[in-house]
Amino acid sequence: MCLRIIVFFFCWYGVAQNKPIHYSTSNGLPHDITYGLFQDSFGYIWIGTDNGLVKYNGNEFKTFTIKEGLRSNYVIDINETKDKKIAVGMWGGGVQLIQNDSVLMSKGSTNYFSKISKINIQENTIIASSGQNSFHVLYKSGNNYIEEKRNFKTNEDAILFNIKEKIGSVNSRVLSPIKTNGKLFYIGGNNFGLQKTKGIISLDFKKFSHKEEFPFLNDKEINDLVYKEGIYIALTDTEEIVFNDKKILEVKSIMVKTVKNKFKFKRFVKTNRFNVYVLEDDFQISDQIILYDKISKKEINFSSEQKINTLVSDIIKDKDENIWISLYGQGVYFIPSTYEHDTKSFFDNIPLHDVTQLNNNSLYFLSLTSIYSLNTNEHSNIYPLSCFLKGFNTTSSNKDSLIVTATSLNKHHGNAGKGLDNVSLLSSFYKKRINGSDISVSFWGYILKVFVHENKTPLKINFKEETQINDVQLINNELWVATNFGFFIYDSKNFKEKRRVASLQGLSNTNIKSFTVSKNKVYVATIGGLNVIDKDSIKVYTKKDGLPSDNLNHVFVDHHNIVWLSHQKGYSVFKNGNFYNFTKENGSSFSYVNKIIEDNNNFIWLVGSNGAKRIKNTLPFKPDNKPSIQISSKKDQFKLNVIDFSGETLLIQYKIGDNHWVSTQEREYNFSNYQYGSHTVQFRVRRLSSDWSYSTIYSFSNVAPWYKTWWGVSIISISILLFLVYRILTIHKKNQLLKNSIASQKKLEKELSEVRENVASDFHDELGNKLAGITIVSELMLKDEFIKQSNSFEAIKQIQKDSKSLYFGIRDFVWSIDSKSDYLEELIIYLSDFGEELFQNSEITFKVEKEISQEIKKLPNYWSRQLLLLFKEAMTNSYKHSNATEVILSINLKKNVLKIELKDNGKGFIESELKRKNGLNNMQKRAQKIDGELQIITGKETKVIFTGLINM
């Protein structure tokens with residue numbers, strides 16, 4: 001597994017995507033001594049160092065060393081074979097191959113410890129230069145590259161190649177291989193001050209022959225060679241030679257102004273934007289890197305600018321025209337194709353809100369209370385004023401003087417602008433001449449005055465007081481008045497209102513901050529996004545269309561007819577329906593931009609939160625190069641590799657099928673939980689300032705488990721149906737048995753009830769009547785005077801007492817065995833009757849209270865008898881011992897909880913002083929028998945409370 005280092009420095013190295021980036025050991029490189037550079041077919045940059053090989057995608061470094069299988073950590077050069085293998089040339093390690101980030105073990109190679117200085121690929125052959133004019137040639141054999149047993153050493157094999165005269169008798173002239181236009185040539189190259197081989201040759205390692213290419217160059221010492229569109233350009237010590245296959249077309253002497261010492265040209269790279277030259281001195285101490293900007297025609301001493309004081313190891317341009325430079329001891333430099341050396345900032349950290357240019361080409365800027373000037377020599381001045389400055393009257397016909405709209409003016413404000421000539425301050429209103437017409441206007445607040453000729457009385461147009469006029473322009477013979485309520489459009493001849501454009505007509509917001517016209521389209525900046533009016537249609541662009549902010553401040557169209565927008569996140573360029581954004585996220589120095597203009601020298605000027613910025617606008621705006629996407633996939637899992645060297649924040653999205661694009665910052669995706677079936681997925685990536693880069697469309701399938709397939713669902717459904725049928729039949733059978741059981745139980749209960757009623761009736765009729773007769777007879781006998789005097793009186797009295805007691809006991813028993821006693825209402829009636837009978841001849845008042853919130857037809861078995869005896873005992877105790885004047889029996893039933901309470905206001909009792917507790921103990925036992933709870937509370941009053949749960 002290779003060493004992986006995430007590059008965290010983008011947050012500060014990438015503060016401006018148009019500035020160079022320096023890579024070193026401080027931000028990810030394994031060593032600052034760097035050698036060969038190479039970009040493979042996928043877009044990765046490979047860097048050879050003194051501590052291994054580096055693979056870089058713009059986000060992370062992967063480092064390969066001897067731990068990963070390399071034979072040497074000194075990696076000098078890199079190339080790529082036709083079958084996508086990376087060929088690595090090492091000093092003391094020969095040639096090795098890397099495929100899919102794994103170092104391959106070479107078979108049949110004899111160059112294990114060779115000192116390789118250059119790797120080239122010719123068809124299916126690897127040609128590795130080693131030492132002075134010594135080459136290792138590896139031919140493809142199956143999946144391997146095998147070197148022949150002998151090395152080709154041109155000093156020994158010069159006769160074979162017939163190049164003795166070319167390289168000298170003592171091998172004093174070194175051949176340097178260079179590949180261009182698909183061909184491998186050999187030139188004199190950089191020979192460290194020694195005599196160089198002249199001309200350009202090619203070698204045939206099969207036939208042991210050489211060929212002198214371009215014979216008209218045989219007297220030229222060539223240091224470097226490039227090819228573009230049918231034309232070769234050769235670099236000598238002092239000049240460029242332009243030629244084709246037949247002849248020299250032009251010889252150009254190269255003049256360098258920024259280098260004072262005597263240097264020779266060593267290497268060069270040409271991009272669409274820059275010519276980059278590497279110059280060497282005679283002492284080989286340090287090289288000079290010179291950039292020539294083809295657009296600005298300026299020469300840039302990159303070495304001086306970046307304080308580079310060492311030798312250049314290699315220089316390449318990548319597929320996106322970016323330049324890479326490796327250095328001996330100072331790491332690697334990356335120069336983006338968008339490098340803007342003419343991009344400058346002025347008045348840093350000063351919030352500015354307006355900018356204009358006068359005829360003298362000087363620029364003027366406004367802060368809240370000061371005017372700043374910048375002349376053509378970039379000399380600046382500041383002029384403080386004792387008032388608040390709102391804006392320039394930029395379209396005033398007099399471009400020789402400065403007209404500023406201000407507020408809070410006083411009589412002494414003129415002294416504050418000392419040193420600033422030709423400045424006029426207008427109090428709170430704007431005055432401007434409409435370009436291309438004899439109409440001028442002045443406006444402030446809700447009042448608009450129109451002057452057709454300077455000497456005529458102006459036409460005054462009033463709006464509602466809450467209206468704020470922001471700008472007035474003439475478009476197609478119509479006077480467009482922009483306000484906070486949209487556009488009011490007037491005929492430019494009679495100044496009668498023709499129509500309005502507001503929310504009803506499609507404006508996203510009626511508060512118009514700025515507007516301009518280009519190619520018959522009106523571009524409108526509002527706090528609700530960009531509105532483009534094209535005849536009768538309005539197209540609205542907001543954040544969902546790619547704007548960083550809907551709160552726009554200004555809209556401007558440059559001389560290329562490209563739209564620039566300033567907003568509360570920075571600025572954007574609108575081109576071909578796409579937004580290219582420049583915010584803090586991708587390097588803008590502004591947190592917001594107020595205004596954008598273009599000066600007479602085709603520079604764009606931005607003013608906002610951090611002063612002013614200048615951007616060269618000679619060529620039309622071109623989006624940054626798109627990132628490259630590499631996708632590795634396995635079934636429903638995808639890994640996204642993005643190759644991008646800008647340092648900007650990347651926007652990553654994916655789309656499944658025809659669904660909407662989904663934004664994400666993930667690089668690995670697992671769609672195994674996505675809905676079942678066959679799907680397609682596509683990925684896309686962009687920078688804020690580039691177009692989208694799209695991946696190919698990939699397919700994946702999520703196979704449902706068997707129980708979620710149609711046949712699985714069918715099997716499960718049928719099984720469930722059969723089970724339900726079985727259960728229904730079983731339940732039906734059980735229900736029938738239950739019905740029979742219930743019917744049988746009801747029959748038994750009815751029979752039992754009848755038995756209980758018969759028993760009760762029999763007891764009442766037989767035993768009860770006889771006991772009643774004994775009681776009556778004994779009472780009559782006790783009234784007889786003879787018996788009163790006899791010895792039998794006491795015995796008869798005892799018989800009368802026992803028979804009476806037995807009668808009442810038998811009555812309670814008879815009531816309890818009667819099935820009617822199982823009903824709560826019967827219990828309440830019986831206790832009420834007992835209490836009323838017990839207390840009727842006493843001074844105690846007896847009351848019954850009941851609160852029954854639900855209907856309970858029957859009490860559980862045995863409850864009625866136990867509750868009857870319990871509360872008869874309690875009422876008897878109150879009657880005998882309480883000395884009470886009131887006894888209250890209350891019955892409460894709520895949520896199946898039965899509560900019966902007997903309360904008296906008597907003297908109470910102290911349980912510990914009672915001699916006999918049988919009655920109390922019996923009451924507790926009766927409550928326990930029916931799983932109830934009994935509380936006896938005594939004090940100022942006595943309460944006997946039963947609580948029990950009735951299971952329905």
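Analyst: Two strands pair if DSSP finds at least two bridges between them, a strand being a DSSP run of E with at least two residues, numbered from the N terminus. The model is predicted, so local features need pLDDT of at least 70 and side-chain atom pairs count only at pLDDT 80 or more, while totals for chains, interfaces and linings use all residues. Residues are numbered from 1 along each chain as its sequence is written, and side-chain values use heavy atoms, leaving out hydrogens and water.

With that in mind, strand 8 (residues 86-90) and strand 9 (residues 94-99) run antiparallel and are joined by five bridges, and M90 stands opposite G94 in strand 9. Both strands belong to an open sheet of four strands, in the order 7-8-9-10, where the pairing is antiparallel. At the edges stand strand 7 (75-80) and strand 10 (102-104), each with a single partner strand, so one side of each has no neighbour in the sheet. From one strand to the next, the twist averages 30 degrees.

Turning to the helices (DSSP runs of H or I with at least four residues), the axes of helix 8 (residues 824-839) and helix 9 (residues 863-881) come within 10 Å and cross at roughly 20 degrees; axes are lines fitted to C-alpha atoms over the stretch in contact, and angles run from 0 to 180 degrees between N-to-C directions. Helix 8 and helix 9 are therefore roughly parallel to each other, a label for angles under 35 degrees. Where they meet (heavy atoms within 4.5 Å), the residues of helix 8 include L827, Y830 and F834, and those of helix 9 include L867, F871 and K872.

Key: Parallel < 35°, antiparallel > 145°, perpendicular 65-115°, else oblique.
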